[in-house]
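Open the model in your viewer and keep the selection tool at hand. Each stop below says what to pick next and what is there.

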Amino acid sequence: MMRLYYQAFSKLIKVDRLALTPHQYWIAAGKGMERPYTGEYWFNQEVGTYHCKHCDNQLFSFDSKYKSTTGYAQFWNHIPNSVKLEESNIKEERDLCCAGCDSFVGKVSFDGPPPTFIKYSINSAALNFKLKLFQEDPYFRKIARKEKQAQRSKKVEHNYLESNSNL
């Protein structure tokens, strides 16, 4: 019994065991899945990118995340060359591992939403979320520019009214 347990966790991955909690190590090395609706990022709707907790490899973008009723962080696309697929015990699913450190990240099934029809079910304990600053995003830059223009026009209008009120 102990030998089987050891063989399951003996996969060589580039993860510092002492830097992780037992739960995180169980997911990374033992290919465990956390309970649904218990993860930190399953309902995260902020703008940013999702990175591997172990090697800080960028895995997913907020653009490809969608709401799901499974209780996991769900994505329909990954960043190119960031993950790799491995065979799984279940025929319809495959294991998803980080390309940088070979740690287990989640499961992939092929019944997802369009346009890819791929569903990435990802463990929150295997991810770090990095918030995207609004200055980096062109959409937010455009909004900030419009707000500045509106403030300038109000300031100019205010100064014009003050200068004419003294007459």
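This is a predicted model: local features need pLDDT of at least 70, side-chain atom pairs count only at pLDDT 80 or more; totals for chains, interfaces and linings use all residues.

Beyond its neighbours within four places in sequence, Ser124 is in contact with Glu34, Gly39, Glu40, Tyr41 and Trp42. Now colour by secondary structure. Ser124 sits in the loop that runs between strand S8 (119-122) and strand S9 (127-131). Is Ser124 buried or exposed? Its relative accessible area is 4%, under the 20% cut-off, so Ser124 is buried.

Next, move to Tyr41, one of the contacts of Ser124. Tyr41 is buried too, at 9% relative accessibility. The structure holds eight aromatic pairs. One of them joins Tyr41 to Tyr50. The two ring centres lie 5.9 Å apart, with 80° between the planes. That makes the pair edge-to-face.

Step on to Tyr50. Its relative accessibility is 0%, so Tyr50 counts as buried. Tyr50 also pairs with Phe129. Here the centres are 4.9 Å apart and the planes meet at 50°.

Tyr50 belongs to strand S1 (residues 48-52) and Phe129 to strand S9. Phe129 is buried, with a relative accessible area of 18%.

Last stop: select Tyr41, Tyr50, Phe60, Phe75, Tyr120 and Phe129 together. These residues form one aromatic cluster.

Notes. Residues are numbered from 1 along each chain as its sequence is written. Side-chain values use heavy atoms; hydrogens and water are left out. Helices (H or I, at least four residues) and strands (E, at least two) are DSSP runs, numbered from the N terminus. Buried means under 20% relative accessible area, exposed over 50%, partly exposed in between (1.4 Å probe, protein chains only). Contact means heavy atoms within 4.5 Å. Rings of Phe, Tyr and Trp (its six-membered ring) pair if their centres lie within 6.5 Å; planes under 30 degrees apart count as stacked, over 60 as edge-to-face and the rest as tilted.
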